Amino acid sequence: MPTTLRIALLAGILALAANLAVIGFIHWQTHDQAVSALSRQVEEQSAVLTDVYRSSGGAGLQRVMRDSAEDPQVAAAILAPTGKPVAGNVAALSTPMLPLKDGYRSVLLRLNGEATPREAAVVLHRIGGGRWLLSGRTVPEGLSLRQTLERSLGVAIALSVLLGLLCGLIIGKYVDRRVSDVVAVADRISGGDMSQRVPLTGGSDAFDRLARRINQMLDRIGTLMSELRMLTDSLAHDLRSPVGRLRAAADAAISADDADEREQRLGDVIKQADSLMRILTTALEIGRSEALTSRNQFSWFDPVELAAELTEMYEPVAEEAGLAMRFDAHPPALPLFGHRQLLAQALSNLIENALKYGRSGGEVAVQVRHDEAVVKIAVADRGPGIAPEQRQEARRRFGRLDESRSAEGAGLGLALVEAIAHLHEGELVLEDNDPGLVACICLPASARI
């Protein structure tokens, strides 16, 4: 069964159930007791008049009927075989009575001296000469209103079911159209057209919210696919140099004449192989960090202690490069919840970049700062820095700011730092040091990921 028809039937059934519930409630609350009491009064009154007729005849019956007429709620009359009142306080019957039958019924009648018909509950009994005795009581206004309401609701049931079906069809068409938009976009994307997006109506209903989430997901998928293509191209391009150097070193080792030269050439082979392994390991670690697979190894540690250890470890390297290392941690940072080994690797990458590009005789500063929200671990140098328009390229995997690809390194250092910061729900910020560069890893201070 089509979804549109199902929604229409459901709307019709709900409308029917709602109206039945309303009628049932009214009937249960008011109808039974009031109607039972009225029926009992009418039956008793009819029995009294019948007994009078049997004992006193028509003259006595008419006398009692005249006395009863003083009660404005009493209706008593003698009807001709045609159903026309010939005696009593009933002027006319608005409800057709033919054929006349014994028993209880509801009719519309007009009493003597009144212009408007009133609803009454009456009992008919056959008496002599083909005539009929009508005895009853007019229905109280409240009960009459309730009975009219019940009859009206009976008509409303049919109308509400029809309107429910119509509304259901309209809603079903709307839902089907919105879902069809999503399906059409999914079909075109399955065909390879990643530029397609689910159309929005500009509202804030559930379909628009769903469409926005789908579009955001498609944007993210498109970005990842672009990055994957770029990574594949860059990996193929950047691995050619280390693989070429590895092959050249292996050829030189094979061609070496004496043992000392061959041993030296084999050392070069191992060195180039290690360089290639570092590139592949770094690329793998970036993927793992972006996939958040290392969060199960998080623990509490002191970032000040970590930064101090790395500063001390790199001081001899800085002295050989003619640079001074300085450690600054004021005020002391709070304990940080994260992956200590990966953050150590990220900070090491920043320090190595600062030692590589910092000017001879300058200074490399390792800093730890914190406030209530963020812990900042930064490395500042006095080198040439990175122009603002080139910083995004420097973060990219295999991003190289130098035009030559022959130099060592694969442009993965800052990409790995950014991936590790992302793993900790932080970010890598690159700023000017006037002159030089400040590379800062900003992490949430209270994150328990």
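Residues are numbered from 1 along each chain as its sequence is written, and side-chain values use heavy atoms, with hydrogens and water left out. Because the model is predicted, local features need pLDDT of at least 70 and side-chain atom pairs count only at pLDDT 80 or more, whereas totals for chains, interfaces and linings use all residues.

**Exercise 1. The chain as a whole**

Task: state how many helices and strands the protein chain has, and what percentage of its residues is buried.

Solution: The protein chain has nine helices and 13 strands, where helices (H or I, at least four residues) and strands (E, at least two) are DSSP runs numbered from the N terminus. Of the 449 residues, 36% are buried, a term for under 20% relative accessible area, with exposed meaning over 50% and partly exposed what lies in between (1.4 Å probe, protein chains only). Turning to contacts (heavy atoms within 4.5 Å), those with a separation of 6 or more are made, for 61% of them, by residues 24 or more positions apart.

**Exercise 2. Helix H6 from end to end**

Task: describe how H6 is capped, what span its residues should give, and where a kink lies.

Solution: Next, compare the lengths: H6 (residues 303-320) has 18 residues, which at 1.5 Å a residue should span 26 Å, and its end C-alpha atoms are 26 Å apart, so the two values agree; the expected span is 1.5 Å times one less than the number of residues. Within H6, a kink of about 40° lies at Tyr314, shortly before the proline Pro316, the bend being the angle between axes fitted to the seven residues ending at a residue and the seven starting there. Finally, Gly322, which follows H6, has a positive phi near 75°.

The buried residues of H6 include Leu310 and Tyr314, and their cover includes H7 as well as strands S7 (299-301) and S8 (324-329).

**Exercise 3. The neighbours of H7**

Task: give the angle at which H6 and H7 pack, and that at which H7 and H9 cross.

Solution: Two packed helices are described by the angle between their axes and the distance between the axes. For H6 and H7 the angle is about 35° and the axes are 10 Å apart; axes are lines fitted to C-alpha atoms, for helices over the stretch in contact, and angles run from 0 to 180 degrees between N-to-C directions.

Among the residues making the contact are Leu342, Ala346 and Asn349 of H7 and Leu416, Val417 and Ile420 of H9.

**Exercise 4. Loop residues**

Task: locate Gly383 and find which residues it contacts, then describe the peptide bond that joins Asp434 and Pro435.

Solution: Gly383 sits in the loop between S11 and helix H8 (391-395), and because its relative accessibility is 1% it counts as buried. Leaving aside neighbours within four places in sequence, Gly383 is in contact with residues including Tyr357, Pro435 and Gly436.

Pro435 is in the loop between strand S12 (427-432) and strand S13 (437-444), and a cis peptide bond with omega of about -5° joins Asp434 and Pro435. Asp434 has a positive phi near 50°, although it is a residue other than glycine, and with a relative accessible area of 67% Asp434 is exposed. Glu425, in the loop between H9 and S12, likewise is not a glycine and has a positive phi of about 60°.

Key:
A polar contact is a pair of N or O atoms within 3.5 Å; within protein, one must be able to donate a hydrogen and the other to accept it, and residues adjacent in sequence count only if both atoms are side-chain atoms.
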